[in-house]
Amino acid sequence: METIINHFSNLSETQIAQFSKLEDLYKYWNAQINVISRKDINELYTKHVLHSLAIAKVQPFKPQASILDVGTGGGFPGIPLAILFPETNFYLVDSIGKKIKVVNEVVKELGLKNVKAEQIRAENVKGEFDFIISRAVTKMDDFVKWVRKKIAKKQLHEIKNGILYLKGGDLTDELANFPNATTYNLTDFFENDFFETKKVVHIPLKKR
Ligand SMILES: C[S@@+](CC[C@H](N)C(=O)[O-])C[C@H]1O[C@@H](n2cnc3c(N)ncnc32)[C@H](O)[C@@H]1O
């Protein structure tokens, strides 16, 4: 929890309380429905919460923006970002209903009013979003096919509307078809060894 406060100044008391509650909530729910690898649960704040918040270091979201988290699982990266940006609208989707149940329970316990979570496949999501965020769901070629028609035309942010994807390792092959992709190394933001190979990939997409 300390690590979150150190990297994100100006958190309100409500936000600090919400971030602090995550550990107990995920320990409780993960014992019933597996949404986080059991070996990672003790490092929730680094490996899941701070990792999710790396997206905010690349692009802080505007209050009126709408963000789609595809394959959110237990709520990553969507829930930590929804706490950080309480006036931005987040739509968290996953194809597995019991994962969405965990997300809805956590959202209810935290009192988050800016999150809607639903069991639906990414390909079937309707609507338009400023950014599509994700972590550990599928290869970029497939991901882009799922989401490319869901990008809002109006530009609210400094970087162009599109995908912000948390990826690890060597991305040369995976991003070969996306010459306009920008990768941001997470070691530029966070000093922990865990982030050594981790990146945020931004792919701008235009509505067609
Ligand atoms: C490895 S988990 C990652 C979960 C979460 N993003 C995280 O990083 O903790 C991948 C998730 O993507 C979901 N998923 C896979 N294909 C999907 C699709 N077509 N539409 C929606 N969700 C999908 C799976 O159900 C699973 O929960």
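1. The residues of the shell around the ligand divide into 7 nonpolar, 4 polar and 5 charged. Here Ala, Val, Leu, Ile, Met, Phe, Trp, Tyr, Cys and Pro count as nonpolar, Asp, Glu, Lys and Arg as charged, and the others, Gly among them, as polar. The shell holds 16 residues, and the closest to the ligand are Gly 71, Gly 73, Phe 76, Ala 122 and Arg 135.

2. Basis of the values. This is a predicted model, in which local features need pLDDT of at least 70 and side-chain atom pairs count only at pLDDT 80 or more, while totals for chains, interfaces and linings use all residues. Residues are numbered from 1 along each chain as its sequence is written. Helices (H or I, at least four residues) and strands (E, at least two) are DSSP runs, numbered from the N terminus.

3. Annotation. The UniProt record, an unreviewed entry, carries a "binding site" annotation on Gly 71, Phe 76, Ala 122, Glu 123 and Arg 135. UniProt positions are given in the numbering used here, feature names are shortened, and annotations may be inferred rather than shown by experiment.

4. Phe 76. This residue sits in the loop between β1 (66-70) and α4 (78-84). Why is Phe 76 classed as buried? Phe 76 is buried because 27 other C-beta atoms lie within 10 Å. The class needs 20 or more other C-beta atoms within 10 Å of the residue's own; 12 or fewer make a residue exposed, anything in between partly exposed, and C-beta atoms are placed from the backbone. Leaving aside neighbours within four places in sequence, Phe 76 is in contact with His 48, Ser 52 and Arg 135. Contact means that the two C-beta atoms, placed from the backbone, lie within 7 Å.

5. Phe 76 to Pro 77. The peptide bond joining these two residues is cis, with omega about 10 degrees. Pro 77 also lies in the loop between β1 and α4. Most residues other than glycine have a negative phi, and most peptide bonds are trans.

6. Positive phi. Asn 10, which is not a glycine, has a positive phi of about 65 degrees; it is placed in the loop between α1 (2-7) and α2 (13-32). With 5 other C-beta atoms within 10 Å, Asn 10 is exposed. Ala 136, also not a glycine, has a positive phi of about 60 degrees and belongs to the loop between β4 and α6 (140-147). Ala 136 is exposed, with 12 other C-beta atoms within 10 Å.

7. Ala 122. The loop between β3 (115-119) and β4 (131-135) contains Ala 122. Ala 122 is buried, since 22 other C-beta atoms lie within 10 Å. Not counting residues up to four places away in sequence, Ala 122 touches Val 70, Gly 71, Val 93, Trp 146 and Val 147.

8. Helix α3. A kink of about 35 degrees is centred on Leu 50; the bend at a residue is the angle between axes fitted to the seven residues ending there and the seven starting there. The 15 residues of α3 (residues 44-58) should span 21 Å at 1.5 Å a residue, and the end C-alpha atoms are 21 Å apart, which agrees. The expected span is 1.5 Å times one less than the number of residues. Buried residues of α3 include His 48, Leu 50 and Ser 52.

9. Helix α2. This helix has a kink of about 30 degrees, centred on Leu 22. Gln 18, Phe 19, Leu 22, Tyr 26 and Trp 29 are the buried residues of α2. Their cover includes α1, α3, α4 and α5 (97-110).

10. Ile 33. In the loop between α2 and α3, Ile 33 is partly exposed, with 13 other C-beta atoms within 10 Å. Ile 33 touches Lys 98, Lys 101 and Val 102, not counting residues up to four places away in sequence.

Key. Near = placed C-beta within 6 Å.
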